[in-house]
Amino acid sequence: ESLKLRVNVKIENGLLGVSMTMTNKYCILPTSSSIEEEKKLSTILKGCKMIKIQISLSSLPFSDFIGFFTVGNNHGLLVSNLITKSEYNSLCIQFPKGLPVILWDSNLNGISNYMVTNDKCTLLGHGIEKYFFKLRRIFKTKIANIKKRGFFIANKWNVVLNNRCAIIQLSIKGLRYELLKYLGIPFYVYCPVTGQVGHHIIMNDFVCLYDSLRGSLFYRRDGINVIKLKDL
């Protein structure tokens, strides 16, 4: 039976998926998170290397959009070329040994808008088919090109993945059979009040974290901890 925990951790902008990137091996946090917050997450995310970085853009000063500029799995991390050299070097120094941090050299600056991955499959959104072989080498997965359907694009915001399940929005549940063909894992539906499911949820194979925005999360008893992050 799934274990439900309620943990109070303050996330500054309230968009957990935009602020953080997490796998079984690492969790990247904004430097604005406090030592207390980091300790709480370290206790929850046992075995994860905690990495803190500030990403500051000239157009978005003091931004903590780490989740927006990174896509990763347990084989490595892909980072937008919008970050500075010093920020990239900081990531590389803190990153677990043996895992590559790849600076994306294309014009797709918000890379999270175009792809989502776990350790077995990478789903590509519309228009980036030419990067098929490059992404397969980086993530060490099979690649699936998902055709655009209305407003749906296969990316980090519409589909939240780990290696055991996927969480999607109710509005795209009609695609679950096509996605199931590529992923081969169970699907659950999350209905946030506003925004996209990936804005509010991150997970690895053991823990699912979601922020304080209200919504309905439907899941089966698959051994994944569901933790509520609520602003203090």
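Guide: Two strands pair if DSSP finds at least two bridges between them. The model is predicted, so local features need pLDDT of at least 70 and side-chain atom pairs pLDDT 80 or more, while totals for chains, interfaces and linings use all residues. Residues are numbered from 1 along each chain as its sequence is written, and side-chain values use heavy atoms, without hydrogens and water.

Visitor: In what sense do strand 12 and strand 13 pair?

Guide: Strand 12 covers residues 166-169, and strand 13 covers residues 187-192; strands are DSSP runs (E, at least two residues), numbered from the N terminus. Ile 167 has Tyr 188 in strand 13 as its bridge partner. The two strands are joined over 4 bridges, and the sense of their pairing is parallel.

Visitor: How many of the 6 residues of strand 13 are buried?

Guide: Buried means under 20% relative accessible area, exposed over 50% and partly exposed in between (1.4 Å probe, protein chains only). Strand 13 is largely enclosed by the rest of the structure, because the number of its residues that are buried is 5.

Visitor: How far from Cys 27 is the nearest cysteine sulfur?

Guide: A disulfide is a pair of cysteine sulfur atoms within 2.5 Å, and the count here comes to 0. Cys 27 is buried, at a relative accessible area of 0%, whereas Cys 92 is partly exposed at 33%. Cys 27 is in no disulfide, and the nearest cysteine sulfur, that of Cys 48, lies at 6.0 Å.
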